[in-house]
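Try each one before you read its solution.

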Amino acid sequence: MDERILGALLFPTNIHRRESDPGPYAHYSSYKPHLKREFRRKCVYCRASDGLIGDEVFGVDHYLPKSKFPHLANNWLNLFYACPRCNVLKSEFVSTPELFLPSPCEHLMAQHLQYEGVDIVTHTKHGDCMTELLRLREERRRRRRDLILAALRGLLENRTELLRELTSYESRLEKEEGKRETLEVLIEETSEELERVNGRIELLIGEPVTAEP
Ligand SMILES: [Zn+2]
């Protein structure tokens, strides 16, 4: 479970299959809420969640820039969800088959680059290109990622402990009839705390924390 949660911040190991076009819309900005949902609140290029800095500063990215490909300006398949830093740095870069920015719908991103803690390891020239262009190794990004990972580890430890307590209270509930009321209060309080912890994790990873498998 922890790995699944931490994995949300890594580059995907599978190709993302998009939902069908929710439009058409006359202006690409109308796609933003759909892109947010489609890409699970994360920048497709750096995997940052919009939970911490707010979705209002996240934007609609045109994979092929609208200045050079105006006919694709409102094309669902050309649109991605991106953080402000990536959006600005990517600017008018044009991906070609010879040199492209790996995208979640077309490429196995993890084959091109991957995070190892706060570091980025690149495996192809396309991964290098993206890391350089979007400055994925810059200090401010590393600092933010370091903070997020540290917070996440703390929350995950907390979560494990709360789940353990819950299981223990629930099993006692069956055996200790005399303590039913006390145990029910404890279960309620622990469940509420677990919900708060799950909510904080969701802010960091951009995805709801599903029940223990
Ligand atoms: Zn980004």
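**Exercise 1.** In which helix does Ile-5 lie? Work out whether Ile-5 is buried or exposed, and what Ile-5 is in contact with beyond its sequence neighbours.

*Solution.* Before we start, a word on what you're looking at: this is a predicted model, where local features need pLDDT of at least 70, side-chain atom pairs count only at pLDDT 80 or more, and totals for chains, interfaces and linings use all residues. Residues are numbered from 1 along each chain as its sequence is written.

Step one: Ile-5 lies in helix α1, which covers residues 2-7. Helices here are DSSP runs of H or I with at least four residues, strands are runs of E with at least two, and both are numbered from the N terminus.

Step two: count the neighbours. A residue is buried if 20 or more other C-beta atoms lie within 10 Å of its own, exposed if 12 or fewer, and partly exposed in between, with C-beta atoms placed from the backbone. Ile-5 has 20 other C-beta atoms within 10 Å, so Ile-5 is buried.

Step three: look for contacts, meaning residue pairs whose C-beta atoms, placed from the backbone, lie within 7 Å. Leaving aside neighbours within four places in sequence, Ile-5 is in contact with Leu-156, Ile-201, Ile-205 and Val-209. Also, the C-alpha atoms of Ile-5 and Leu-152 are separated by 9.0 Å, though these residues sit 147 residues apart along the chain.

**Exercise 2.** Zoom out and describe the whole protein chain: how many helices and strands are there?

*Solution.* Start with the tally, which is 8 helices and 4 strands. Reading from the N terminus, the order is α-α-α-β-β-α-α-β-β-α-α-α. Next, the box: along the principal axes, the C-alpha atoms fill roughly 75 × 35 × 25 Å. Of the 213 residues, 28% are buried. Finally, take the contacts with a separation of 6 or more: 67% of them are between residues 24 or more positions apart.

**Exercise 3.** How do the axes of α7 and α8 cross?

*Solution.* First get to know α7: this helix runs over residues 139-175, has 37 residues and reaches 55 Å from its first C-alpha to its last. That is close to the expected 54 Å, where the expected span is 1.5 Å times one less than the number of residues. Buried residues in α7 are Arg-145, Leu-155, Arg-159 and Tyr-169, and what covers the buried residues of α7 includes α8 (180-205).

Now for the geometry. Two packed helices are described by the angle between their axes and the distance between the axes. Axes are lines fitted to C-alpha atoms, for helices over the stretch in contact, and angles run from 0 to 180 degrees between N-to-C directions. For α7 and α8, the axes come within 9 Å and cross at roughly 160°. Angles under 35 degrees count as roughly parallel, over 145 as roughly antiparallel, 65 to 115 as roughly perpendicular and the rest as oblique. So α7 and α8 are roughly antiparallel to each other.

The crossing of α7 past α8 is left-handed; that label applies if the near helix is turned anticlockwise from the far one by less than a right angle, and right-handed applies if clockwise.

**Exercise 4.** In what sense do β3 and β4 pair, and which residue stands opposite Tyr-115?

*Solution.* Strands count as paired if DSSP finds at least two bridges between them. β3 (residues 113-116) and β4 (residues 119-122) pair in the antiparallel sense over 4 bridges. Opposite Tyr-115 you'll find Ile-120 in β4, while Leu-113 faces Thr-122. The two strands form a hairpin with 2 residues between them, and Gly-117 in the turn has a positive phi of about 65°.

Definitions and conventions
Two residues are in contact if their C-beta atoms, placed from the backbone, lie within 7 Å.
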